[in-house]
Amino acid sequence: MTQFVSTQPKKISLQSKFLLPLARYGLTILLALLLFAGILIITGKNPIVSYRDLFGATFGSAYGFSEVIVAMIPILLTALAVALPSRIGMINVGGEGQLYLGGIAATFAALAFKDFPGWILLPLMVLMGFLGGALWAFLPAFFRSIGLVNETITTLLLNMIAPKIAGLLVFGFWHSPRETNMTPNFVEAARLPTFFGTRIHLGIVFGLVLLALYWFVMKRTRWGLEMRAIGGNVQAARRNGIPVAKTMLIVFCISGGIAGLGGMAQVSGFYGLLIPNFSPGYGYMGFLISWLAGGDPLGILLMTFMVSVILTGGNMLQITIGIPYAVINLLLAFTLFVVLARPSLPKILKGKTA
Amino acid sequence: MSLLALLGVLSSTIFSGTSLLYATLGEVVTERSGTVNLGLEGVLLISAATGYGVTILTENPFLGVLAAALTGALVNIVFGYLIVIRKANQLAAGLAVMFFGYGLSALIGKPFVGKMISSLPRYMLPGLGEVPLRYSSLFKFDLLIYLVIPITLLIWWLLYRTRWGLGLRAVGENAETAYASGRNPGLIKFQALIVGGFLAGLGAAHLSIAFTMNWAEYMTGGRGFIAIALVIFSKWHPIRAIAGVIVFSGAVAFQLLLQVSGVNISPFILDMIPYVLTIAVLLIWGGTRKHSAPAMLGRVYQGTE
């Protein structure tokens, strides 16, 4: 992404700023849909009918569209949790684990202080969710900052441990009297408010506000400048008196906290309880989205939306044409493959912006 | 606790550890060439489903094993296309392969859910003729189990005693230098991926055709990630991978033993052991350069002009 930007002339036209990325995303989706159509044909489904169902289910009704927004919430937050440290050259593969820890910590607050009124309990859960995720990010960041272990490996390993902590707590201590694989429903005061009679909850505001904040901090503040300096050249940043190790530690913990908020939003806003495997890989999806968008806020929003459409539409495909839900991962994978393979745009589109 | 229970635990540990050792070996080979494949979980799933399906269709488990191994290699070629030819980021491409595996394996495996297979034939461990049947029947193993240690040694020999292995490790340490000494880094990375995929496919085949003898969505249950952890734990060395698998399988065995003897400890704690150990080992090495990761691991080789 940086290479892409640096080769551009200084004066970037409106066209190249908005039309080129849009054309890129449009072509990506088209190619992925074509590939997936091949799969549908092989399995004996009519791709046109399937896609009509998929897009009808997501764009065709207010309810369907609201479900897309609901699906965006955790992914948006985990994508941010990857994008932020990537600005300083740190790779956070641990969004998944941080999300889990956030959910677990928020659940602890919801169960332990269930008699508190909502205006205390909810902020407490938000705080706990943030701290849970931040703790899970602190360990790898600390080890990295003292030069012990690279954060890529440790965050990945901590991802594996986190769901097992959830399992341990739910099965061992927190489960409801009737069912051993989930906690009791949270009290109403521990639920994030929902909007417009849909399942869209306050978590979307967390996501959008943090996304805007991320853009603002990176573009408009001294802090953002320092972070970009570290990302550009660590040695130079250090010589210029930027506290590199401290910044790395703080940025990584904040990122973990953001992913933790995603976990909090899922247990409090979406489920209203904790189940051991409450994430189908949101952390990894966030990693991919942030990577594919090159950490660009608008790109993150667009990619998150795209992935959410696929995930939500997949639910409908399962119901209407009877293919296993897991198959929708193929459409997701094809989209990712196409972006990763970076096919060049047709000449005409390029010519317009050159 | 009876001797029978103890031996039963030992036997099931060997069965569950075999697929893991194959997968770990495969990842050792690819990581030695500088490629980290986070999509190993997906590779295992697709291979397990394909192997299972082919076994049912042909009623020949050996063909199933072969199909699984070839499938593993094929999926790794797709991954290789992304990271070598298109120079995509390895972590991102690996995660994409993981999602690809979740989806494709569900699709391939769907017609075969709940179907019975003729599993890989098992042969008695030689020299157990005198032992009572109730003991010796625990030590009937299939061919893939008997072959896993020889194959580990073979991989070690290939990596450390052949020119090919030297070139492969050279690419993993410094692709530019390897290129300068007349090797083709892209080609070598592909070769490593094919060998790695083949081995992962063997592991997956053992899981679905010989061990569990069924297919279920997400049946690998994180084995791909355990294998990636074990590669680190064994310091990217095939022989040490055996030790890594023993530690992991030991944790599983311990868990079974506790269950047999009626001690109540959460299985979740024991499931964490391999990961916690791997992190501990990483911390103990603490940045020592000797025997640590291949220097180019995870980096994109941009080609040398």
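Tutor: The contact draws on 42 residues of chain A and 42 residues of chain B. Please bear in mind throughout that this is a predicted model. Between them, chain A and chain B bury about 3600 Å², and 85% of that area lies on carbon and sulfur atoms. On the side of chain A, the residues that lose the most area to chain B are A:L157, A:K164 and A:F337, which together make up 16% of what that side buries.

Which helices of chain A each supply at least two residues to the side that touches chain B? They are helix 7, helix 12 (282-292) and helix 14 (328-341). Helix 7 of chain A gives the most, with 12 residues. Sorted by class, the side of chain A that touches chain B holds 33 nonpolar residues, seven polar ones and two charged ones. As for polar links, one residue pair is in polar contact between chain A and chain B, counting pairs with both residues at pLDDT 80 or more. Salt bridges across this interface number zero.

Salt bridges do occur in the structure, however: a search over all chains finds three. One of them joins A:E67 to A:R199, with the closest N and O atoms 2.7 Å apart. This pair links distant parts of chain A, for A:E67 lies in helix 4 (residues 62-86), while A:R199 lies in the loop between helix 7 (151-174) and helix 8 (203-220), 132 residues away. A:E67 counts as buried because its relative accessibility is 10%, under the 20% limit. A:R199, at 38% relative accessibility, counts as partly exposed.

A further salt bridge is formed by A:E151 and A:R144, whose closest N and O atoms are also 2.7 Å apart. Here A:E151 is buried, with a relative accessible area of 2%, whereas A:R144 is partly exposed at 27%.

There is also a salt bridge between the side chains of A:R222 and A:E226, at 2.8 Å from N to O. Both residues belong to helix 9 (residues 222-232) of chain A and stand four residues apart, about one turn of the helix. An α-helix has 3.6 residues a turn, so residues three or four places apart point the same way. A:R222 is exposed, at 64% relative accessibility, while A:E226, at 13%, is buried.

Two further places, one in each chain, may complete the view. In chain A, A:T247 is found in helix 11 (residues 244-271). A:T247 is buried, with a relative accessible area of 6%. Leaving aside residues up to four places away in sequence, A:T247 touches A:I88, A:M227, A:I230 and A:I242.

In chain B, helix 7 (residues 163-173) has B:G165, B:G167, B:L168, B:V171 and B:G172 as buried residues. These residues lie on the same side of helix 7 of chain B, because they cover an arc of only 160 degrees around its axis. What do the buried residues of helix 7 of chain B pack against? Their partners are helix 1 (3-32), helix 6 (143-161), helix 8 (175-180) and helix 9 (185-211) of chain B.

Note on methods
Residues numbered from 1 in each chain as written. Chains lettered and ligands numbered in written order. Predicted model: local features only at pLDDT ≥ 70, side-chain atom pairs only at ≥ 80, totals over all residues. Heavy atoms only, no water. Salt bridge = Lys/Arg side-chain N within 4 Å of Asp/Glu carboxyl O. Buried < 20%, exposed > 50% of the residue type's maximum accessible area, 1.4 Å probe, protein only. Contact = heavy atoms within 4.5 Å. Buried area = accessible area lost by both parts, 1.4 Å probe. Polar contact = N/O pair within 3.5 Å; in protein donor to acceptor, adjacent residues only side chain to side chain. Nonpolar A, V, L, I, M, F, W, Y, C, P; charged D, E, K, R; others polar. Arc of directions from axis to C-beta.
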